[in-house]
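Subject: Structure handover

Hello,

Here is the structure I promised you. My notes follow below it.

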Amino acid sequence: MQRPDRHSVRRRAHLLPAALLVVLAFGNRVITNQSDLSPWELGGFGMFSTIDSPQSRLVLLEGTTLDGERLVLEAPAEVAESIQQLRVWPTLDRTDHVRLQLESFRWARKEEVAVIDAAGSPLLSVDVVVGRIAISDSTARFVPLHQSSTP
Amino acid sequence: MTATGLLKPTSSDDVWLVASGSLLVVVLAFNDQWWPTQAIASMLALLGLLVPSTRNQSSLWFSMSAVLAAGFVLEWWTTDNHHLLIIATLLLFGICARSRDKVDRLSSGAAALVAVAFAAALIAKAMSPDFRSGVFASYVPTLDPRLGDLAVRVGATSRETLVTNQSALDSLATTETVGLTPVSDWFAIVMLVWTVGLELLVAVGFAVRHRRLRQVGNIALLTFIVTTYSVVPVVGFAGVLSVLGFAQAESRLLKALYVAAFVSIPLQDAIARVL
């Protein structure tokens, strides 16, 4: 077999970006199939192919107060980035990370939810669940992907 | 300019000047990456715009590409496929910048990039159970307000239905299953056929070296840019696709249409924001 000479490789160098795009798009498909990465993100071309976008994923945050009351936790701005990472590519480590961040705050009840408040109290336990929506026959259900709870 | 003048090829220098300048505008004004890497890339883009001779230096394009690639990796959770396409296009300009036949190579490389991007989008749709079953087209107007607005405007659903659907989805935190109302079947079918049809025509038209097919591909790409990004105004994506379309277009008419597409989407977005 004849080896391509340097000139012929140079002549085709302008096709390298397209070749790179093929490799990255294929790699993205493999990762999407083997993990919970949203097909919409990270350079994949799965946008507008599925309802499983990061925005449609649900992150449920709940905590138990020292009085034993169960409350939904309002996500503070401090964990917004971690929650966005969780929506895009949820893993158990990232779910644990969000839980640990939430456990480090003090909380106070505000109407039906708990919000962070320096004068509040720590929580007895925190539960974080991330999942996606599945729809069939005009019925939607929540499909949990990862969960982390205070041990 | 006469009608025959519009069909004549443009000079290589002009094509390089307009294509490279437009891509620099995309990086400077239409890209929305992580701010530290975006700031560095914007400064480099400004240098290229103010000193046109630097556009013939591969280092300008490679450094912008490297900086944006670093931003892509470091803030992966905010990156979309158009960021990747912009990085690949910058690489292409860097490879072509110092060639004698830079415009020919740019044309060929641009066509390949468009073909790959649209083929990848088609494969993703073909592999998605949501897309094949019609779930995506029936419910995406509930999940994406931009498509929801379109569906309401054309009478495929009502604002009340979308709000009820959204409330039902929000209640999934506490309820096991909820009922949803899909958009009208005709809207879902038109959206599926329109999207897949255009993407297929673009992918084939740009992958095959056939004059007629390429013309069909160009018309499909222009239609895709104008229709898709009027509804979903991702100006970075519309911008880079217009640059790639311009770079491979042979006639002045097609080049003029790509320039019009390049300008119209951000203009429309800006007007919509003001209104």
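Across the interface of domain 1 of chain A and domain 2 of chain A there are 0 salt bridges. Keep in mind that this is a predicted model. The same interface does have 4 residue pairs in polar contact, both residues at pLDDT 80 or more. By class, the side of domain 1 of chain A that touches domain 2 of chain A holds 4 nonpolar, 2 polar and 2 charged residues.

Now the domains themselves. The domain assignment of chain A puts domain 1 at 6-49 and domain 2 at 54-149. Their contact takes 8 residues from domain 1 of chain A and 7 residues from domain 2 of chain A. Taken over C-alpha atoms, the centres of these two domains of chain A are 33 Å apart. About 640 Å² is buried between domain 1 of chain A and domain 2 of chain A, and carbon and sulfur atoms give 64% of it. Which residues supply the area on the domain 1 side of chain A? A:Asp36, A:Ser38 and A:Glu41 supply 64% of what domain 1 of chain A buries against domain 2 of chain A, more than any other three residues.

**Between the chains**

Next, chain B against chain A. The contact involves 48 residues of chain B and 45 residues of chain A. The area buried between chain B and chain A is about 3900 Å². Carbon and sulfur atoms give 72% of that area. B:Trp76, B:Trp77 and B:Asn81 supply 18% of the area that chain B buries against chain A, more than any other three residues.

How many salt bridges are there between chain B and chain A? The count is 0. Polar contacts are present: 11 residue pairs across the interface of chain B and chain A, both residues at pLDDT 80 or more.

Several elements of chain B give two or more residues to the side that touches chain A. Among them are α5 (81-96), α6 (102-127) and β1 (177-179) of chain B. α6(B) gives the most to that side, with 12 residues. By class, the side of chain B that touches chain A has 32 nonpolar, 8 polar and 8 charged residues.

**Strand pairing**

Strand β6 (residues 139-149) of chain A pairs with β1(B) in the antiparallel sense, over 3 bridges. A:Ala140 has B:Val178 in β1(B) as its bridge partner. A:Arg141 stands opposite B:Thr177 in β1(B).

β6(A) also pairs within its own chain. Strand β5 (residues 125-136) of chain A and β6(A) run antiparallel and are joined by 10 bridges. Here A:Arg141 in β6(A) is the bridge partner of A:Ala134.

**Salt bridges elsewhere**

Over all chains, a search of the whole structure finds 11 salt bridges. Side chains of opposite charge can pair when their charged atoms come close. One case is in chain A: A:Glu103 forms a salt bridge with A:Arg99, and the closest N and O atoms are 2.7 Å apart. Where do A:Glu103 and A:Arg99 lie? Both are in helix α4 (residues 92-103) of chain A, 4 residues apart, about one turn of the helix.

Best wishes

Methods:
Residues are numbered from 1 along each chain as its sequence is written. Chains are lettered from A and ligands numbered from 1 in the order in which they are written. This is a predicted model: local features need pLDDT of at least 70, side-chain atom pairs count only at pLDDT 80 or more; totals for chains, interfaces and linings use all residues. Side-chain values use heavy atoms; hydrogens and water are left out. Domain bounds come from an automatic or database domain assignment. Contact means heavy atoms within 4.5 Å. Buried area is the accessible area (1.4 Å probe) that two parts lose on being put together, summed over both. A salt bridge is a side-chain nitrogen of Lys or Arg within 4 Å of a carboxyl oxygen of Asp or Glu. A polar contact is a pair of N or O atoms within 3.5 Å; within protein, one must be able to donate a hydrogen and the other to accept it, and residues adjacent in sequence count only if both atoms are side-chain atoms. Ala, Val, Leu, Ile, Met, Phe, Trp, Tyr, Cys and Pro count as nonpolar, Asp, Glu, Lys and Arg as charged, and the others, Gly among them, as polar. Two strands pair if DSSP finds at least two bridges between them.
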